[in-house]
Amino acid sequence: MAEEILLIAGVVIAVLMIFRMYICGERCKSKTKLHGKTVIVTGSNTGIGRATAVDLARRGARVILACRNQVCGETAVALVQRESGSKNVVFMQLDLASLKSVRSFAETFLKTERRLDILINNAGVYMQGTTEDGLGLMFGVNHIGHFLLTNLLLDKLKECAPSRIVTVSSYLHNFGNLDFDILRTHKEFGVGAINSDLYRNMNKMTRRLLKPIAALFFKDVEAGAQTTLHCAVQEGIESLSGRYFSSCAVQKVKAKAQDDAVAKKLWEVSETLCGLS
């Protein structure tokens, strides 16, 4: 009986290991070095962003941790420096829930940094509320803040070409609909399937209940960072600009995600909301 139990336990463990390998997906295979390059990673004090920053720092890049909280950001700098073995990691304050902060960050960056080779729009929140500018918090932080940041830094990115912009998204975009009537409210919802600190905004009981499930069914932060890294450094994917990647490969998206009219309207609305038009 004991031998049968051990055999069953061994099979279960093996199945779980294979399942975890499937969940974690492909890894970034590029060995590209980034000496002399400068990278911004938003929301990089924790989770996927910090894992991304560690990898890029190991490759020799100067990494800017663009984070809202100064204490958390400076703590993250020490952690990233220690884990990567690189001292070329710095904190710059950026609150994506404030368009004023976004403009201040861009102005400071452009005055103090000589180049920008990779911009990684990684930060995200999953909670209700409103931004300093009266927008829905998730829409304001996850989209509008990054939209403005990217536009303000675009000339510098072009100047340092070939450069890259990587915007982290979620598989759940497949199940959503873009309702322009509620973009100014706090009613939008959505979260990705990666066990990152995005869940830190949930209450303690919910986090406690989700933790064992997340550990089994969701990617950990290192695995979650792999596609971002692939898009940031992989050679030979330049012709795939603008495509949606998951598990380090181009993925098909639904027709509604390819609607040029909706994309144009969202661009125009975004310009208006962040004062670019």
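Let me begin with what we are looking at: a predicted model, in which local features need pLDDT of at least 70 and side-chain atom pairs count only at pLDDT 80 or more, while totals for chains, interfaces and linings use all residues. Residues are numbered from 1 along each chain as its sequence is written, and side-chain values use heavy atoms, with hydrogens and water left out.

The secondary structure of the chain comes to nine helices and seven strands, where helices (H or I, at least four residues) and strands (E, at least two) are DSSP runs numbered from the N terminus. Of its 277 residues, 41% count as buried; here buried means under 20% relative accessible area, exposed means over 50%, and partly exposed lies in between, with a 1.4 Å probe and protein chains only. If we take the contacts with a separation of 6 or more, residues 24 or more positions apart account for 75% of them, a contact being heavy atoms within 4.5 Å.

Now to the second largest pocket, which holds about 440 Å³ of space. On a 1 Å grid over the protein atoms alone, a pocket is an open set of points where a 1.4 Å probe fits, with protein on both sides within 12 Å along at least five of seven lines, and lining residues have an atom within 4 Å of a point. Grid points are joined across faces, edges and corners, and the volume is the space filled by probe spheres set on the points. Which residues lie nearest its centre? They are A51, D55, R58, E222 and Q226, out of a lining of 22 residues. The largest share of that lining, six residues, comes from α2, and the helices that each supply at least two residues include α7 (221–224) and α8 (226–233). By class, the lining has six nonpolar, five polar and 11 charged residues, with Ala, Val, Leu, Ile, Met, Phe, Trp, Tyr, Cys and Pro taken as nonpolar, Asp, Glu, Lys and Arg as charged, and the others, Gly among them, as polar.

Finally, the backbone: most residues other than glycine have a negative phi, and most peptide bonds are trans. The peptide bond from A161 to P162, however, is cis, with omega near 5 degrees, and P162 sits in the loop between α5 and β5. In the loop between β6 and β7 (249–250) we find S247, whose phi is positive, near 55 degrees, and C248, whose phi is also positive, at about 60 degrees. S247 counts as partly exposed, at 23% relative accessibility, whereas C248 is buried, at 12%.
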